[in-house]
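Let's take a walk through this protein together, from its overall make-up to a few of its side-chain pairings. Keep the sequence and the model at hand as you read.

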Amino acid sequence: MSEPGHSAPRQPSAPAWLSHGRALLRRLPTEPPSWCAARALDRLLWPRLDAGQRAALQGRIVELELVESGLRLRLRLGPDGFEAVRGRVAAPALLLRARSAALWRLLGGQDDADRLFFERALVMEGDTEYGLVLKNTLDAIGPLLPAWTERL
């Protein structure tokens, strides 16, 4: 607590290079990182989805933005697995924005989506009903990272 007449110490702002790097990443094409994410999800998530879950999630674009870096992934579940979505061909049905640490905690089962949502560490915009279907599906499947580490 600061003394009367003295202001509290200011938190340092992000370095200018970080802001410029984030702006640059936001302008880059989303296809390369989205393609890598789609291949990872084909191994981690696709085999764990049953036919009903696949049908409920199929065909809708989900965009994930990592807050610190500005990195964006645009994905869609197709009939044979996950697909990278090129550019801005269509608006996403669901936009998820999260810090990297929060996303890793979610994928590792250390935090659940509800907690992260209410703490504002995970922001969801768009089709709320589709977002709930996705969240409930991921909750039913359980953490993705333990399944991944078992395959190594």
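**A guided look at the fold**

The protein chain has an accessible surface of about 9,800 Å², and 60% of that surface belongs to carbon and sulfur atoms. Accessible areas here come from the Shrake-Rupley method with a 1.4 Å probe, and for residues only the protein chains shown count as cover. Please note that this is a predicted model, in which local features need pLDDT of at least 70, side-chain atom pairs count only at pLDDT 80 or more, and totals for chains, interfaces and linings use all residues. Residues are numbered from 1 along each chain as its sequence is written, and side-chain values use heavy atoms, with hydrogens and water left out.

The protein chain contains 7 helices and 5 strands, taken as DSSP runs numbered from the N terminus (helices: H or I, at least four residues; strands: E, at least two). Read from the N terminus, the order is α-α-α-β-β-β-β-α-α-β-α-α. Of the contacts with a separation of 6 or more, 70% are between residues 24 or more positions apart; a contact means heavy atoms within 4.5 Å.

Now for the interior. Of the 152 residues, 33% count as buried (buried is under 20% relative accessible area, exposed over 50%, partly exposed in between, with a 1.4 Å probe and protein chains only). The largest nonpolar core has 22 residues, and L45, L49 and F82 have the most contacts inside it. Such a core is a set of buried Ala, Val, Leu, Ile, Met, Phe, Trp, Tyr and Cys residues joined through side-chain atoms within 4.5 Å. Two or more residues each come from α2 (31-44), β1 (61-66), β2 (72-78), β4 (94-98) and α6 (128-141). Beyond its neighbours within four places in sequence, F82 is in contact with residues including A38, L41, L45, W46 and L49. Another core, of 6 residues, lies apart from the largest one, with A102, A113, L116 and A121 among its members. In soluble globular proteins, nonpolar side chains tend to be buried together.

Helix α2 also holds A37, which is buried at 16% relative accessible area. Leaving out residues up to four places away in sequence, A37 touches L73 and L75.

Charged side chains come next. The structure holds 12 salt bridges, each a side-chain nitrogen of Lys or Arg within 4 Å of a carboxyl oxygen of Asp or Glu. In one of them, R74 pairs with E63, with the closest N and O atoms 2.6 Å apart. Because R74 lies in strand β2 and E63 in strand β1, this pair ties together parts 11 residues apart in sequence. Are these two partners buried or exposed? Both R74 and E63 are buried.

D127 and R60 form another salt bridge (2.9 Å, N to O). D127 is in the loop between β5 and α6 and R60 in the loop between α3 (51-57) and β1, so the pair joins parts 67 residues apart in sequence. The charged end of R60 also sits over the ring of Y130, 5.0 Å from its centre; this requires NZ of Lys or CZ of Arg within 6 Å of the ring centre and within 35 degrees of the ring normal.

One last stop is R120, in the loop between α5 (113-118) and β5 (122-126). R120 has a positive phi of about 65 degrees although it is not a glycine, and at 62% relative accessibility it counts as exposed.
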